[in-house]
Amino acid sequence: MAKRGRPRRPLLVSEEDRRVLEQVARRRTSAQVMAQRARIVLRCLEGGTDAEVARELGVWPQTVGKWRNRYIDGGLQALSDKDRPGQPRKITDGHVDDVIRKTLEQAPPDGGTHWSTRAMAERTGLNQTAVSRIWRAFGLKPHLVDEWKLSNDPFFIEKVRDVTGLYLNPPEAALVLCVDEKSQIQALNRSAPVLPMMPAVPERQTHDYIRAGTTTLFAALDVASGKVISSHQRKHRSVEFRTFLNQIDRQTPAEMDIHLVLDNYATHKAPIIKTWLLAHPRFHLHFIPTYSSWLNLVERFFAEITRRMIRRGSYTSVTDLERALQAWIDTWNENPRPFLWTKTAEEIFET
């Protein structure tokens with residue numbers, strides 16, 4: 001059966017043009033619009049319909065056809081934007097490329113740690129607004145920095161595989177509980193009453209506060225159901241942790257093995273804990289690597305209770321704080337929502 005629609009014109013690319021297109025598509029400092037157009041032409045050269053190319057590159061089929069035909073008609077020069085009516089463009093692709101390259105590859109001339117719009121404007125001969133627009137268009141934020149930490153645990157690989165294996169393939173007839181303590185939770189009481197939210201006005205509270213004391217929340221998150229076993233203690237020692245283990249022992253089915261995911265805190269490895277474990281052989285401890293609290297799912301629950309209760313709460317005493325936290329946890333357990341782990345150990349290692 002004959003194909004419908006207009007026949008596609010053949011796409012011919014010289015070796016020299018192909019090298020240029022591959023360089024533009026691969027180079028970090030290329031303008032993203034030019035890199036995308038280069039990838040479209042290179043992918044069209046491999047074959048396939050416009051719809052297939054568009055699906056792979058995440059663009060519209062009309063976009064693929066437009067730049068394919070532009071290259072056929074005018075070669076590499078046709079991939080640049082055509083002149084538009086109105087005032088001539090003052091900031092060229094070369095200016096944009098220069099700003100991006102200096103931002104990514106060079107340090108400020110004053111010895112600072114990062115560029116400012118004023119320093120970049122002075123360096124490139126553009127105005128501050130132009131630099132700000134270029135950075136915003138390409139998602140460059142020199143004033144921001146993200147922190148990260150590599151684990152120095154010699155058994156990092158083994159521990160990651162152990163814990164992720166519990167999450168993705170939990171053992172049969174056993175419970176997997178993520179256990180940790182959120183210590184030094186402060187009972188803070190604002191020095192003036194909190195003003196309620198109104199239309200166009202957020203809730204308001206004073207900056208200063210009165211400290212009433214601290215408490216520690218012990219929590220064990222059931223990975224399968226999302227339910228939480230909790231306890232509040234005024235101190236954070238191995239004695240309190242053993243008390244919490246006894247509570248877990250009472251509140252879980254006696255016929256099931258218990259696998260606890262823990263961090264490397266000394267409280268979890270104290271002699272009295274080792275003695276307790278010998279008397280309770282159904283408990284099995286799995287330690288996460290050092291500097292890897294993100295691997296413990298109970299931290300996600302702590303983030304939720306911090307956002308919903310602790311950060312904006314106002315409490316007159318530690319007892320008031322503990323009562324409010326426990327009421328929120330009881331409500332959570334009435335309709336628990338498990339946190340699903342999706343990353344395999346190999347995906348973590350690649351990251």
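Start with α8. Its buried residues are K159, V160, V163, T164, L166 and Y167. Which side of the helix do they take? The same side of α8, because they cover an arc of only 150 degrees around the axis. Bear in mind that this is a predicted model.

Now the helix length. α8 runs over residues 156-168, so 13 residues at 1.5 Å a residue should span 18 Å. The end C-alpha atoms are 18 Å apart, which agrees.

On to the core. The largest nonpolar core holds 34 residues. Y167, C178, V261, L297, F301 and I305 have the most contacts inside it. At least two residues each come from α8, β1, β2 (209-222), α11 (298-310), α12 (318-334) and α13.

Take L297. Leaving aside residues up to four places away in sequence, L297 touches Y167, C178, L221, V223, F339 and W341.

Cysteines next. C178 is at 0% relative accessibility, so it counts as buried. C44, at 6%, counts as buried too, because the cut-off is under 20%. How many disulfides are there? With sulfur atoms required to lie within 2.5 Å, the count is zero.

Last, the annotation. An unreviewed UniProt entry lists residues 177-321 as "domain: Tc1-like transposase DDE". In the model, that span is 28% helix and 31% strand. Its end C-alpha atoms lie 25 Å apart.

Technical notes. Residues are numbered from 1 along each chain as its sequence is written. This is a predicted model: local features need pLDDT of at least 70, side-chain atom pairs count only at pLDDT 80 or more; totals for chains, interfaces and linings use all residues. Side-chain values use heavy atoms; hydrogens and water are left out. UniProt positions are given in the numbering used here, feature names are shortened, and annotations may be inferred rather than shown by experiment. Helices (H or I, at least four residues) and strands (E, at least two) are DSSP runs, numbered from the N terminus. The expected span of a helix is 1.5 Å times one less than its number of residues. Buried means under 20% relative accessible area, exposed over 50%, partly exposed in between (1.4 Å probe, protein chains only). The arc is that of the directions from the helix axis to the C-beta atoms. A nonpolar core is a set of buried Ala, Val, Leu, Ile, Met, Phe, Trp, Tyr and Cys residues joined through side-chain atoms within 4.5 Å. Contact means heavy atoms within 4.5 Å.
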